[in-house]
Amino acid sequence: MYRSFLIVAAFLLHPSAAFTSPSSPTQQYSIIRPRTITSSLSLSLDDSTQSKIQTLVDENPVLLFMKGTKLFPQCGFSNTACQILQSYNIDFETVDVLADESIRQGVKTFSDWPTIPQLYVCGEFVGGSDIMIEMYQSGELGEMIEKV
């Protein structure tokens, strides 16, 4: 909503920036499209990052890769994932992916899952916050965590 407001405000202030003028009466106006930002990060996972992620997953029975920390989540999805895990009154470890870009991108490749947060239980990838919500509501997540 806020972004839409800014785009409209920018158009009202500088309408010529949003359209190019036709050089002839038959030429149509063309809207300037936003630039596509391409990532310079490769989709491959280097050995040291993979080893670091694998060690974290192996050493922690319940591990959440998230944005921020348990005490200060930096996104709503990470906050939801933390609240679900905290509702079970268990010890769980978190990794703040915002602190290490190689982990942030690497965990997506490691799990073949495009979003964060990501939950691992007993070395097995469970899913993101949407999957956690479904499993929490069905009781399946509780059963999985009880085994830990």
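This is a predicted model: local features need pLDDT of at least 70, side-chain atom pairs count only at pLDDT 80 or more; totals for chains, interfaces and linings use all residues.
Buried residues make up 27% of the 148 residues in the protein, and of the contacts with a separation of 6 or more, 55% are between residues 24 or more positions apart.

**Nonpolar cores**

- The largest nonpolar core has 16 residues, of which Leu-64, Leu-85, Leu-119, Val-126, Met-132 and Leu-141 touch the most other members.
- Two or more residues of this core come from each of β1, α4 (76–86), β3, α6 (129–138) and α7 (140–146), and α4 gives the most, with 4 residues.
- Apart from its neighbours within four places in sequence, Leu-141 is in contact with Ile-84, Tyr-88, Leu-119, Met-132, Met-135 and Tyr-136.
- There is also a second, separate core of 10 residues, which includes Val-57, Phe-65, Val-95 and Val-97.

- In helix α5, which spans residues 101–111, the buried residues are Ile-103, Gly-106, Val-107 and Ser-111; because they cover an arc of only 115° around the axis, they lie on the same side of α5.
- As a general point, an α-helix has 3.6 residues a turn, so residues three or four places apart point the same way.
- The elements that cover the buried residues of α5 include α3 (47–59), β1 (62–66), β2 (93–96), β3 (118–121) and β4 (124–127).

**Packing of α3 with α5**

- Two packed helices are described by the angle between their axes and the distance between the axes.
- For α3 and α5 the angle is about 75° and the axes are 10 Å apart, which means that α3 is roughly perpendicular to α5, since angles of 65 to 115 degrees are counted in that class.
- On the α3 side the contact is formed by Thr-49, Gln-50, Lys-52, Ile-53, Gln-54 and Val-57, which meet Ser-102, Ile-103, Gly-106, Val-107 and Phe-110 in α5.
- Sorted by class, this contact of α3 with α5 has 5 nonpolar, 5 polar and 1 charged residues.

**Helix α6 and its two sides**

- The buried residues of α6 are Ser-129, Met-132 and Met-135, and seen down the helix axis they fall within an arc of 125°, so they line one face of α6.
- Those buried residues pack against β1, α4, β3, β4 and α7, whereas Glu-134, Gln-137 and Ser-138, on the other side of α6, are exposed.
- Just after α6, Gly-139 takes a positive phi of about 90°.

- Tyr-88 is found in the loop between α4 and β2, and because its relative accessibility is 23% it counts as partly exposed, the cut-off for buried being under 20%.
- When residues up to four places away in sequence are not counted, Tyr-88 touches Tyr-136, Leu-141, Gly-142 and Ile-145.
- The C-alpha atoms of Tyr-88 and Ile-145 are separated by 8.3 Å, although these residues are 57 residues apart along the chain.

**Backbone features in the loops**

- Most residues other than glycine have a negative phi, and most peptide bonds are trans.
- Asp-112, in the loop between α5 and β3, has a positive phi of about 60° although it is not a glycine; with 68% relative accessibility, Asp-112 counts as exposed.
- The loop between α5 and β3 also holds Pro-117, and the peptide bond that joins Ile-116 and Pro-117 is cis, with omega about 20°.
- Cys-122, whose place is in the loop between β3 and β4, has a positive phi of about 50° and is likewise not a glycine; its relative accessible area is 51%, so Cys-122 is exposed, given that the cut-off for exposed is over 50%.

Methods:
Residues are numbered from 1 along each chain as its sequence is written. Side-chain values use heavy atoms; hydrogens and water are left out. Buried means under 20% relative accessible area, exposed over 50%, partly exposed in between (1.4 Å probe, protein chains only). The arc is that of the directions from the helix axis to the C-beta atoms. Contact means heavy atoms within 4.5 Å. A nonpolar core is a set of buried Ala, Val, Leu, Ile, Met, Phe, Trp, Tyr and Cys residues joined through side-chain atoms within 4.5 Å. Axes are lines fitted to C-alpha atoms, for helices over the stretch in contact, and angles run from 0 to 180 degrees between N-to-C directions. Angles under 35 degrees count as roughly parallel, over 145 as roughly antiparallel, 65 to 115 as roughly perpendicular and the rest as oblique. Ala, Val, Leu, Ile, Met, Phe, Trp, Tyr, Cys and Pro count as nonpolar, Asp, Glu, Lys and Arg as charged, and the others, Gly among them, as polar.
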